[in-house]
Amino acid sequence: MFSIIIPTLLKDTEVLNKLLSQLNEDSSVGEIIIIDNSCSYFKTDYSKVKVHVPKENLFVNPAWNLGIRLSSPEYKYFGILNDDIIFQKNLFEQVHAFLDTASDDVGLLGIDCISNTPKSQFETYPENTEVIIQETHKLEGFFGSAFFGNKKNYFEIPAEMKVFYGDHFLFTRNIQAGHKNYKISNIGVKHLESLSSHSSPLITRMFKKDRKICIRHNGVGYQSLSLLQRIFSITVYHNHYVFCFLGLKMKFKLRDHKDKQ
């Protein structure tokens with residue numbers, strides 16, 4: 001079963017409660033962990049929901065880390081979701097079935113499609129579909145909005161990365177560990193426009209800072225690498241191959257289908 005982790009600033013509790021209602025009724029979900037970064041003590045009657053209120057706003061990536069640490073070992077898998085999003089009702093059972101039948105080398109499964117949805121269209125859930133799960137070698141789409149995996153393949157995101165690039169870190173770290181990442185497509189998603197992020201000088205500064213930190217780590221903790229990996233490694237980061245040799249790094253852009261035509 002899933003431990004679902006949702007950081008929130010409680011900007012729209014109607015959408016959040018609609019998501020919680022969906023999750024609480026889902027048989028593949030064992031628990032729902034809310035990290036209340038608004039520090040306003042969110043109240044709910046849903047039986048599977050556990051609310052953790054930190055002393056201050058932890059921001060996104062540290063909240064993901066905390067949610068994993070707080071989750072019950074009884075549940076093998078995790079799902080990390082935005083608080084401004086709802087899904088088709090048969091999504092989670094299909095992702096769970098894939099994880100149950102897949103080998104342990106599965107890293108992350110993230111959604112690759114999303115669109116901003118007016119609040120007036122949140123009265124109903126998206127229609128059920130047969131989702132498509134395909135291996136992917138580069139991070140694309142909207143992994144940070146909703147992604148899933150085995151808890152043992154979750155890697156602690158560096159504490160100094162607060163808001164952005166956490167999904168890049170996890171994606172690349174799983175590749176370095178020899179795991180396969182997957183994208184989930186052909187799904188129904190409704191995402192509330194302009195709720196998760198907005199443009200401001202603070203957000204812009206955090207974006208640039210987190211990006212630099214992620215590049216420096218390259219999704220890999222140096223102390224966890226083998227001697228051979230420290231001498232030579234190849235990883236994928238933000239649509240680039242990164243070759244590391246004796247401490248030197250070279251980046252080459254991945255060719256997409258348009259480049260090949």
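Trainee: What are the ground rules here?
Mentor: It is a predicted model: local features need pLDDT of at least 70, side-chain atom pairs count only at pLDDT 80 or more, and totals for chains, interfaces and linings use all residues. Residues are numbered from 1 along each chain as its sequence is written, and side-chain values use heavy atoms, with hydrogens and water left out.

Trainee: How many residues are in the largest nonpolar core?
Mentor: It has 37. A nonpolar core is a set of buried Ala, Val, Leu, Ile, Met, Phe, Trp, Tyr and Cys residues joined through side-chain atoms within 4.5 Å. Buried means under 20% relative accessible area, exposed over 50%, partly exposed in between (1.4 Å probe, protein chains only). I6, L23, L81 and F87 have the most contacts inside this core.

Trainee: Which element gives the largest share of this core?
Mentor: Helix α1, residues 13–24, with five residues. Helices (H or I, at least four residues) and strands (E, at least two) are DSSP runs, numbered from the N terminus.

Trainee: And what is F87 in contact with?
Mentor: Contact means heavy atoms within 4.5 Å. Leaving aside neighbours within four places in sequence, the partners of F87 include L19, Q22, L81, F92 and Y125. Another core of 23 residues lies apart from the largest one. L108, L139, F169 and F171 are among its members.

Trainee: Switching to α2. How many of its residues are buried?
Mentor: Eight of eleven, so to speak mostly covered, in residues 60–70. W64 and L66 are among the buried ones. The cover includes strands β1, β2, β3, β4 and β9, plus helix α4.

Trainee: Where is K190, and what is the nearest side chain of opposite charge?
Mentor: K190 sits in strand β11, residues 189–192. K190 is buried and has no salt bridge. E123 is the nearest opposite charge, 8.5 Å away. Lys and Arg count as positive, Asp and Glu as negative; His and the chain ends are not counted. A salt bridge is a side-chain nitrogen of Lys or Arg within 4 Å of a carboxyl oxygen of Asp or Glu.

Trainee: Which backbone oxygens lie by the side chain of K190?
Mentor: That of Q121, 2.5 Å from a polar atom of the K190 side chain, and that of T124, at 2.7 Å. A polar contact is a pair of N or O atoms within 3.5 Å; within protein, one must be able to donate a hydrogen and the other to accept it, and residues adjacent in sequence count only if both atoms are side-chain atoms.

Trainee: How many salt bridges does the structure hold?
Mentor: Six. One of them joins K89 and E25 (3.9 Å, N to O). K89 is in the loop between β5 and α3 and E25 in the loop between α1 and β2, so the pair ties together parts 64 residues apart in sequence.

Trainee: What else does K89 meet?
Mentor: N128, in the loop between β7 and β8. The side chain of N128 has a polar atom 3.1 Å from the backbone nitrogen of K89. That side chain of N128 also reaches the backbone nitrogen of N90 at 3.2 Å.

Trainee: Is E31 buried or exposed?
Mentor: Buried, at 1% relative accessible area. E31 forms a salt bridge with K50, with the closest N and O atoms 2.7 Å apart. That pair links strand β2 to strand β3, 19 residues apart. K50 is partly exposed at 43%.
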